[in-house]
Amino acid sequence: MGTTRQTLHFGAFSADLAAAQLQKKGHRLKLQQQPFQVLAMLLERPGEVVSREELQKRLWPGDTFVDFDHGLNIAINKLREALGDSKDKPLFIETLPRIGYRFIAPVERGEDRSDSTPAEHGGIEPDFAPAIPAQPASLSRRATTRAAIAGIIVLAMAGLALTAWRGRTRKEAAPRIESLAVLPLANLSRDPDQEYFSDGMTDALITDLTRIGALKVISRTSVMQYKNTRERLPQIARELGVDAVVEGSVLRDGDQVRISIQLVDGRTDKHLWAANYQREYRSILALQSEVGRSIAENIKVTLTPQQQQHLTRAGSVDPEAHEAYLKGRYYLNERTAKELKKSIAYFEAAIERDSSYAPAYSGLADAYTLLSLNGDVPSRDALSRAKAAAQKAVQLDDTLAEAHASLAFIAETHEWDWPAAEREYKRALELNPSYATAHNWYAGYLMYLGRYGEGIAEAERARELDPLSIPINNALGGRLLLAGRYKEGVDQIYKTLDMDANYAPAYNRLGWAFLQQRRYEQAIAQFQKAVSLSRSDPDLLMDLGYAFGVAGKRGEAKRIFKELGRQRARGFVAPSALAIVAGAIGEKDEAFTWLEKAYEERDPQLTYLKVSPRFDPLRSDPRLAELMLRLRLPE
């Protein structure tokens, strides 16, 4: 016998809280338990704010190892989907960011007679349709026949509708995803000292996915700018130029690691897939691979056998070695000389703990490579150490793209072995097509050899993969200038300054744009601003001295030449800096004396010898052509 229940009505919907049933115009809707519980709490207090904390306690009472925010977001999204509601223009559920939710539609109470839902289903509608009740004995045969025919017609129409609906659903459920951004995983420990761990897991996931050639994956530099952001996912997807976004959280609890991940269509904000993973720390490599493989499967990307092998690799790692490695990567990404030296110490600690751990050697190679550019260590020494580490990494694991890219950079800037450098760059990009740093370095290599079209194409690819990287954007501007594409180059430099109005190297690039048009006063003003913002960076001071020299201001140029000499005596200034300023003021013998020192010290600035306008005042001297031959620069 039926029972009378209290039912809440809103819009075209009615909710039976006791039976946990949601109906629309009398038709029951399928809604999972947690989304319905959220709806029930909101309906019980219409017009009032229900906090996220209240909802979390209702949905997960007493559970201390659940990603509450992730789970609640999924429940809210499923509820909105059932109601056909919108977060931006809500009809029913209003979001109060970081506070909670409010039910804003009018709610009416009424009575509804219905049969009880079987207890074993827990109030949730089963996947199968309910049985049709038996016909009353008084129903006539003719009426039964008419009813049967009508039923057949209805079923046929329903079948056609179902077929069409399934076709639409299949299309909606499998959107084409060709580009992806992995947002920084949230650190659920709330301990700032654990940031290295959540950032490291983000890096690992990005690295695994970038190996998939059919997928464009945005680089770490750009996605990290959205750490702790409140921007909506579709907006982030538009800014990064991707089809989908991966977000989630990570929690380390003793020897256990838990990762929660969800995949969201960046065009529609629709949740496509979500999962939780939990493993022992020792199995973290297998966990990383499993998460990457699951994402690849859910975006329906085709994997090569090599990519499948990589994403199904298993193995264990010494927890202390891996932790030291993650801390090394954390400090490496800071890029300053001080932090690079910290990263080196952590990578060496990881190697000491596990001498067969290839990623630690690769990280060490990266750190020394960057230190050769940004640090106070002579480039010859830093790059020699980088090479030894990169060779060891490749010996242990030939699939590490970062190690091959380091070997390419060293062959180019330290050994001037141009064919070897190109082979290694191509190998790195074969292994990791979305590795923006390798594209950027390879772009420089191609520009230095005069292959401008290829170089700019690689520079543009690097920017596409790392659109918010200020150095990569600025490098593209400089390369456009070098190729004689001045308007495009200047436009790109101004785009870089829009990202950071105090970025000194961008003003330096503008100085070169004016200088190449012989607008000396404007050029000098830009170089002076760059020097001021950088606190007299030697490379930027060198270009200011060069500008003074070619503008005929010998006194100012000589003053800078002397300052560079003092800085070289105190620490390390590349000999090429003194050679370039000396050449600009017409002191050719002095310039070639310093160029010989640059050759002996394997100064990376000599890599630019063939194409850089810094050496233009010396081009008529046969000694420059002879030096280019010694560098084995191809004609």
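This is a predicted model: local features need pLDDT of at least 70, side-chain atom pairs count only at pLDDT 80 or more; totals for chains, interfaces and linings use all residues.
# Helix pairs, ring pairs and loop residues

The protein chain contains 26 helices and 14 strands, and buried residues account for 50% of its 635 residues. Among contacts between residues at least 6 apart in sequence, 59% join residues that are at least 24 apart.

- The axes of H10 and H11 lie 8 Å apart, and the two helices pack at an angle of about 165°. Because angles over 145 degrees count as roughly antiparallel, H10 is described as roughly antiparallel to H11.
- H10 passes H11 in a crossing that is left-handed.
- On the H10 side the contact includes Glu320, Ala321, Ala324, Tyr325 and Lys327, and these belong to a set of residues that meets a set in H11 including Glu339, Leu340, Ser343, Tyr346 and Phe347.
- Arginine 335 is partly exposed, its relative accessible area being 35%.

**The ring pair between H10 and H11**

- A search of the whole structure finds 20 aromatic pairs. One of these joins tyrosine 325 and phenylalanine 347, whose ring centres are 5.9 Å apart and whose planes stand at 50°, so the pair is tilted.
- This pair links distant parts of the chain, with tyrosine 325 in helix H10 (residues 319-332) and phenylalanine 347 in helix H11 (residues 337-353), 22 residues apart.
- Tyrosine 325 is buried, with a relative accessible area of 14%, and phenylalanine 347 likewise counts as buried, at 0% relative accessibility.

- Tryptophan 512 and phenylalanine 527 form an aromatic pair with 5.9 Å from centre to centre and 80° between the planes, an arrangement classed as edge-to-face.
- Tryptophan 512 belongs to helix H20 (residues 504-515) and phenylalanine 527 to helix H21 (residues 520-534), so that this pair, 15 residues apart, links distant parts of the chain. Both tryptophan 512 and phenylalanine 527 are buried.
- The axes of H20 and H21 come within 8 Å of each other and cross at roughly 165°, and the two helices are therefore roughly antiparallel to each other. The crossing of H20 and H21 is left-handed.
- Residues of H20 that make the contact include Tyr507, Asn508, Gly511 and Trp512, while those of H21 include Tyr520, Ala523, Gln526, Phe527 and Ala530.
- Serine 536 is located in the loop between H21 and helix H22 (538-550). Although serine 536 is not a glycine, its phi is positive, at about 65°, and the residue is partly exposed, with a relative accessible area of 33%.

**Further aromatic arrangements**

- Phe10, Phe13, Phe92 and Phe103 are linked into a cluster by ring pairs.
- Lysine 597 lies over the face of tryptophan 594, at 5.8 Å from the ring centre.
- Arginine 630 lies over the face of tyrosine 599, where the distance from the ring centre is 4.3 Å.

- From C-alpha to C-alpha, arginine 52 and isoleucine 99 are 6.2 Å apart in space, while in sequence they are 47 residues apart.
- Serine 612 is found in the loop between helix H25 (588-600) and helix H26 (622-630), and this serine 612 is buried, with a relative accessible area of 5%. The C-alpha atoms of serine 612 and leucine 482 are separated by 7.8 Å, although the two residues are 130 residues apart along the chain.

Terms used:
Residues are numbered from 1 along each chain as its sequence is written. Side-chain values use heavy atoms; hydrogens and water are left out. Rings of Phe, Tyr and Trp (its six-membered ring) pair if their centres lie within 6.5 Å; planes under 30 degrees apart count as stacked, over 60 as edge-to-face and the rest as tilted. Helices (H or I, at least four residues) and strands (E, at least two) are DSSP runs, numbered from the N terminus. Buried means under 20% relative accessible area, exposed over 50%, partly exposed in between (1.4 Å probe, protein chains only). A charge sits over a ring if NZ of Lys or CZ of Arg is within 6 Å of the ring centre and within 35 degrees of the ring normal. Axes are lines fitted to C-alpha atoms, for helices over the stretch in contact, and angles run from 0 to 180 degrees between N-to-C directions. Angles under 35 degrees count as roughly parallel, over 145 as roughly antiparallel, 65 to 115 as roughly perpendicular and the rest as oblique. A crossing is left-handed if the near helix is turned anticlockwise from the far one by less than a right angle, and right-handed if clockwise. Contact means heavy atoms within 4.5 Å.
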